[in-house]
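Thanks for making the time this morning.

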Amino acid sequence: MNFAHRHVLGIKQFNAEELNFILDTAKSFKEINTRKIKKVPTLRGRTIVNLFFEASTRTRTSFEIAGKRLSADTVNISASSSSVVKGETLEDTARNIEAMHPDIIVMRHSASGACHYLAERLDCSVINAGDGTHEHPSQALLDAVTMIQHKGQLAGLNVAIIGDITHSRVVRSNIDLLHKLGASVRIAGPKTMLPPGLERLGCKVFSRVAEALEGADVVMMLRIQLERQGKTLIPSLREYSRYFGLNEKNLALAKPDAIIMHPGPMNRGVEISSAVADGAQNVILDQVENGVAVRMALLYLAAGGEKQNHDADEGDIHEQLAD
Ligand code: CP
């Protein structure tokens with residue numbers, strides 16, 4: 001397939017065929033991560049800058065590992081250690097980084113649309129690692145790889161997504177991807193954390209968690225995004241946990257073989273009990289593992305995709321270098 005996207009800004013830009021192509025590409029990269037020598041020459045000579053204006057453990061680390069396993073040169077910049085703290089604008093920061101000729105900038109930013117803003121102004125590829133409350137496309141893709149790993153396919157699945165929906169970029173990307181690939185999405189959370197318009201997106205919306213859990217194949221729990229005014233929207237964390245948390249008792253309403261997902265970071269004892277987070281149905285670390293393969297796929301495709309060959313042997317890479 002001809003993958004004609006230089007940037008990865010959101011799930012919105014992809015159709016079902018393209019999403020399946022990304023998921024298949026990620027699956028082909030997964031095996032590399034279990035080898036003794038976890039490195040292929042695919043992106044040798046390419047430079048990737050991870051520009052993170054917000055905290056991250058999983059996304060930043062896995063983009064870095066993904067780039068390194070593809071032999072790219074990876075550089076990490078966090079806002080706190082950059083000249084942003086001296087007042088430099090996003091555009092000036094990005095233009096200065098681009099003057100050093102990176103091939104791809106992976107960016108996380110608190111402003112929705114920040115990655116689109118850069119993509120319109122820069123010549124290099126831009127990959128969205130989470131922009132405000134807008135999109136987190138690589139998270140939705142790794143969630144999809146994990147659901148397929150455990151359930152075989154997305155089509156026909158009932159996916160319950162529960163928590164702080166208003167402030168979640170993960171949910172926006174997931175709703176779009178799951179609907180495009182044939183799954184049904186149920187949403188539940190406190191009324192103060194349910195944005196208007198979810199039904200128009202094709203979701204079934206519930207104010208009681210039990211209704212969303214009934215017969216679900218997949219349960220995805222989201223944390224309250226306290227850094228985005230979440231705290232003022234609920235009476236107390238204790239009350240939130242009581243009415244909207246996932247525990248062994250209400251999990252029994254889902255299908256017996258339902259899988260439990262969480263994008264992380266988890267707030268144990270708030271949206272999910274430790275018994276469930278560590279229980280037999282959780283696939284949370286599978287999500288993290290699949291994140292590396294998905295990010296390898298996104299870097300590979302943004303860097304030119306099929307023109308590269310991640311299975312290249314020494315002969316092939318010498319030919320590539322000769323070019
Ligand atoms: N899921 C996720 O985006 O985690 P991090 O904030 O740790 O990157």
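Predicted model: local features only at pLDDT ≥ 70, side-chain atom pairs only at ≥ 80, totals over all residues.

The structure holds 12 salt bridges, where a salt bridge is a side-chain nitrogen of Lys or Arg within 4 Å of a carboxyl oxygen of Asp or Glu. Residues are numbered from 1 along each chain as its sequence is written, and side-chain values use heavy atoms, with hydrogens and water left out.

One of these salt bridges joins E91 and R121, whose closest N and O atoms are 3.5 Å apart. Because E91 belongs to helix 3 (residues 90-98) and R121 to helix 4 (residues 114-121), this pair ties together parts that are 30 residues apart in sequence; helices here are DSSP runs of H or I with at least four residues, strands are runs of E with at least two, and both are numbered from the N terminus. R121 also meets E120 in a salt bridge, at 3.6 Å from N to O, and a network of salt bridges links E91, R95, E120 and R121.

How exposed are these side chains? With buried meaning under 20% relative accessible area, exposed over 50% and partly exposed in between, for a 1.4 Å probe and protein chains only, E91 is partly exposed at 21%, R121 is partly exposed at 30%, and E120 is exposed at 66%.

A further salt bridge brings together the side chains of K151 and D257, at 3.5 Å from N to O. K151 lies in helix 5 (residues 137-151) and D257 in the loop between helix 9 (248-251) and strand 9 (259-261), so this pair ties together parts that are 106 residues apart in sequence.

Let me turn to strand 5. In strand 5 (residues 158-162), five of the five residues are buried, with N158, A160 and I162 on one side and V159 and I161 on the other. Strand 5 runs parallel to strand 6 (residues 184-188), to which five bridges join it, and two strands are taken to pair if DSSP finds at least two bridges between them. I161 has I187 as its bridge partner in strand 6 and M220 as its bridge partner in strand 8.

Finally, the spaces. On a 1 Å grid over the protein atoms alone, a cavity is a set of points where a 1.4 Å probe fits but cannot get out, a pocket is an open set with protein on both sides within 12 Å along at least five of seven lines, and lining residues have an atom within 4 Å of a point. The largest pocket holds about 370 Å³, and of its 21 lining residues R108, R169, R223, G264 and P265 lie nearest its centre. The largest cavity holds about 70 Å³, and helix 11 (284-302) is among the elements that give two or more residues to its lining, contributing the most, with four.

Conventions: Points joined across faces, edges and corners; volume = space filled by probe spheres on them.
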